[in-house]
Amino acid sequence: MNKTNTDILIKKREILIEQFLCGDESEFLEKHTSVIDEYLFSMFEKSSAAREMTIAGTPFAVIALGGYGRKEQCIHSDIDLLILFEKNVPPEVETFIQELLYPLWDARFEVGYAVRDTSECLEMAFERFDILTTMLDARFICGASLIYTSFMEKFRSDLSARHLKDTLNYLFEHGEKRHFDFGDSTYLIAPDLKSGFGGLRDYHTLLWYAKIKSNIKTRRDLEYYGFLSHFEYFTLEESLNDIWKIRNFLHFITKRKCDTLHFEYQTELAGLLGYQSKNRHPDVEHFLGDLHTRMDFLKQINQITFEDIIANRRTKKGMAQTCPTKTDGLVIKKGRLNFANTVAIMQKPDLLLKIFLESGLEKIPLSIEARRIVSEFLHLVDDEIKKDEACIKIFKKILSLSYWEFNVLNVMLATGILGKFIPEFSALVNKIQYNHYHLFPVDKHSIRCVQIINSFKEPGESPADTLYHSVFKQIRNKNTLLFCALLHDIGKSDPAKEHSKTGAKIAKPILKRFGFDSTQIKDAVFLIENHLILVKTATRRDICDEETAVYMANKIGKIRLLRMLYLLTVADSKATGPKSWNDWTQNLLKDLFLKTMGILKKGELASKKTRRLIHKKKNDVLKLLKEKWHENEINKQLESMSQRYLAYVPVQSIVDHINLYRNLGTRDFIWQISKESDSDIRTVSLCGKDKPGLYSKISGVFFLNGLDIVASQAYSLGEEHVLDIFKVNPPKDTIFEEEKWEKAENDLIHAISNDDFLNNALDKIPRMIRVSSGKIPEPNTIRIDNETSSFFTIIEVFTYDFPGLLFSITNALYRNHTNVKVAMVATKVDQVVDVFYVRSLENDAKIETEQKLAQIKNVILRSLPQITAKEVNNEKN
């Protein structure tokens with residue numbers, strides 16, 4: 001019989017889930033809960049153990065807790081139960097548990113249960129607040145209803161009489177800790193739908209608070225009892241329905257309880273939920289934008305809850321009094337900014353802006369009621385207000401008062417007044433950039449940039465922060481920089497166009513509207529149009545090459561522009577996320593900035609300090625080598641080395657490289673392999689004869705032996721020799737690492753002497769790769785730069801990573817009579833960018849002819865695998 005009951009439950013669930021996935025079941029959570037209720041009720045009726053305990057005078061109640069108690073039963077949610085006795089718990093309860101729950105466990109349901117008497121349950125509820133919140137959600141299922149009702153009456157009585165303050169403190173403090181632990185879901189690439197800030201737990205917190213304060217019975221009571229306005233309640237219903245739907249689909253595709261919307265599930269979910277672009281691919285950005293809008297609202301719900309909780313906690317004497325502010329029409333009550341009355345706003349609409357200025361100046365947050373009023377009176381922000389010089393001045397001041405710790409702009413964004421004051425900004429609200437690198441939606445990313453720029457006002461603790469502070473102090477018109485930070489991605493409102501150029505066009509009339517003069521507008525347009533040039537150059541060009549900095553100096557032209565561009569680049573990279581900002585990026589940007597600044601200031605790259613450094617290095621090298629080599633020989637070797645090599649390579653490495661060169665003899669190459677002190681990376685320093693295709697053959701041998709190249713750099717040693725330095729991941733099996741390097745060395749000897757040796761390695765390169773993306777994968781793209789360097793043609797290859805990437809490209813170049821001198825690896829969104837400094841093998845010069853450049857593009861494209869999207873199952877079955 002038990003098996004039959006379980007089968008009935010499983011069958012009903014399957015039908016219900018199928019209807020839900022097909023879009024035919026709008027009340028899935030409640031009906032799913034009812035199906036489980038029916039099973040428990042049926043099992044209770046047929047339980048001999050339950051009957052025996054009731055006859056023996058120990059009746060009990062079966063009570064649903066947590067999400068099951070709230071009737072929020074998602075596909076793989078836990079079933080939490082309480083078996084509650086009035087006084088003593090009889091031993092027969094174990095038999096009842098077996099009858100009731102074993103079939104569920106056998107069917108792989110996640111069921112948790114507790115068996116308690118009423119006194120024990122009350123004691124635990126007020127000792128552990130996590131149990132208390134489950135009791136707030138308690139719902140009677142079957143058994144002795146009187147035990148349930150009497151317990152709940154006692155629970156409510158004790159809560160109100162003795163535990164109210166502690167419970168409210170817990171709700172507040174636990175909420176803050178939860179937000180800290182799980183993060184702000186509206187700022188995360190993989191949001192937590194339940195526990196993150198903006199997740200379902202924020203709604204639950206309001207529900208618990210309303211149950212504690214007013215003993216509400218249903219969600220609908222939130223409006224009836226005044227916890228939410230009619231509009232807020234209506235929006236809450238929409239938000240919850242959407243998030244629960246997403247959560248259920250997430251449970252379905254992961255086949256388990258899962259609340260974190262990981263990146264790898266987002267494409268499939270967008271497809272299952274019916275989000276499709278014009279080309280019928282899953283529109284992940286639209287899907288995530290809608291989700292962030294819903295979660296943003298739940299954040300506001302949480303802030304409403306916390307505001308009420310704070311108001312009900314014990315406040316300092318006098319805080320409840322209403323105090324005037326310096327601004328007529330604004331008051332402070334209970335430590336929050338409020339409007340004196342709504343009549344004042346009708347008479348003075350500029351109060352809608354002034355309240356944010358007052359908030360930023362005094363570091364006093366707006367009350368929830370004030371936020372509501374701002375949202376309801378947005379229609380007063382008309383063209384007259386937007387063009388008013390006093391209001392424009394207020395907004396510029398607000399911009400300079402927005403910090404990460406006190407987010408004035410974020411509150412303006414949430415209330416809608418930011419988009420009203422700058423209508424063009426509305427197109428960025430909750431706009432998602434679907435990739436691993438941008439953590440935040442575009443609107444929040446832009447505001448984060450402003451906050452980072454403002455943080456440069458303080459010197460900070462690190463040397464980098466000191467530099468940013470120093471540069472910031474030298475910028476005359478800081479408002480220009482702050483507006484560029486806010487508007488630098490405004491062009492992303494139209495994803496079909498190149499956002500930097502589009503953004504510059506959109507920003508120009510905005511800046512004019514805000515009263516900037518022609519010079520300031522020209523500077524801002526340049527900064528927005530070129531806000532990526534510094535980071536692209538720093539990560540995709542050889543900044544050790546003097547010409548890179550010279551090119552940047554010519555491109556930027558003015559010191560004031562360089563300073564602003566540098567800080568804008570730092571803020572943009574920091575606000576994008578850790579994959580765009582790290583020590584490597586930070587140091588490259590700093591070096592390029594200082595070198596470019598040196599050229600703009602003095603017209604030269606090498607400062608006296610740099611020349612002194614090189615001179616000292618030469619002396620140090622002489623001291624270390626004079627006992628081994630003749631001084632004239634060492635000096636001759638040092639003179640053959642480039643200035644950039646001597647400036648950037650450590651003394652001990654220079655000594656090691658000279659020893660390599662002196663030991664080379666008649667061999668084609670010699671190498672030294674060393675382990676990085678702070679990582680697993682191996683540094684391979686190879687000194688050899690400058691033979692055509694050497695870089696290609698090295699990368700081919702490394703690929704053949706499973707050694708991944710992380711980065712590389714090349715230097716000339718006189719006219720006939722080169723020094724190639726590679727950063728390489730070690731072999732997977734480090735036990736036989738020495739044997740692997742010996743094999744790789746032998747393979748390279750054969751590859752140098754035989755051009756066909758690596759043909760078998762080419763056969764191992766994939767001809768097709770599938771990538772997961774919410775959009776059609778970007779095609780393989782080749783860009784050629786013949787301007788930055790006087791000596792090299794620079795080739796950028798945009799593709800997706802695959803085994804043998806470097807070898808595939810460099811071999812194609814070598815077969816096309818093109819020699820790679822320097823190779824770099826950078827990143828662009830979810831693609832990789834391989835950058836090659838090349839010269840023609842035919843005349844050892846830059847490649848100038850259009851025909852030859854077009855031929856190189858085609859050769860590289862043919863060497864790359866075909867890119868296709870991973871199949872996404874859009875069938876709702």
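Six aromatic residues form a cluster through ring pairs: Phe669, Trp671, Tyr695, Phe702, Phe726 and Trp741. The model is a predicted one. Across the whole structure, a search turns up 33 aromatic pairs.

**Aromatic pairs**
- Trp105 and Tyr113 make a tilted pair, 6.0 Å from centre to centre, with 45 degrees between the planes.
- Trp105 has 31% relative accessibility, so it counts as partly exposed.
- Tyr113 is also partly exposed, because its relative accessibility is 36%.
- Phe140 and Tyr148 have ring centres 5.8 Å apart and planes at 40 degrees, so this pair is tilted too.
- Phe140 counts as partly exposed because its relative accessibility is 26%.
- Tyr148 has 16% relative accessibility. Buried means under 20%, so Tyr148 counts as buried.

**Helices H25 and H26**
- Helix H25 covers residues 499–513, and helix H26 covers residues 518–529.
- Their axes come within 8 Å and cross at roughly 155 degrees.
- Angles over 145 degrees count as roughly antiparallel. H25 and H26 are therefore roughly antiparallel to each other.
- The crossing of H25 past H26 is right-handed.
- On the H25 side, the contact is made by Ser500, Lys501, Gly503, Ala504, Ala507, Lys508, Leu511 and Lys512.
- On the H26 side, Ile521, Ala524, Val525, Ile528 and Glu529 take part.
- Sorted by class, the residues of this contact are seven nonpolar, two polar and four charged.

Methods: Residues are numbered from 1 along each chain as its sequence is written. This is a predicted model: local features need pLDDT of at least 70, side-chain atom pairs count only at pLDDT 80 or more; totals for chains, interfaces and linings use all residues. Side-chain values use heavy atoms; hydrogens and water are left out. Axes are lines fitted to C-alpha atoms, for helices over the stretch in contact, and angles run from 0 to 180 degrees between N-to-C directions. Helices (H or I, at least four residues) and strands (E, at least two) are DSSP runs, numbered from the N terminus. Angles under 35 degrees count as roughly parallel, over 145 as roughly antiparallel, 65 to 115 as roughly perpendicular and the rest as oblique. A crossing is left-handed if the near helix is turned anticlockwise from the far one by less than a right angle, and right-handed if clockwise. Contact means heavy atoms within 4.5 Å. Ala, Val, Leu, Ile, Met, Phe, Trp, Tyr, Cys and Pro count as nonpolar, Asp, Glu, Lys and Arg as charged, and the others, Gly among them, as polar. Rings of Phe, Tyr and Trp (its six-membered ring) pair if their centres lie within 6.5 Å; planes under 30 degrees apart count as stacked, over 60 as edge-to-face and the rest as tilted. Buried means under 20% relative accessible area, exposed over 50%, partly exposed in between (1.4 Å probe, protein chains only).
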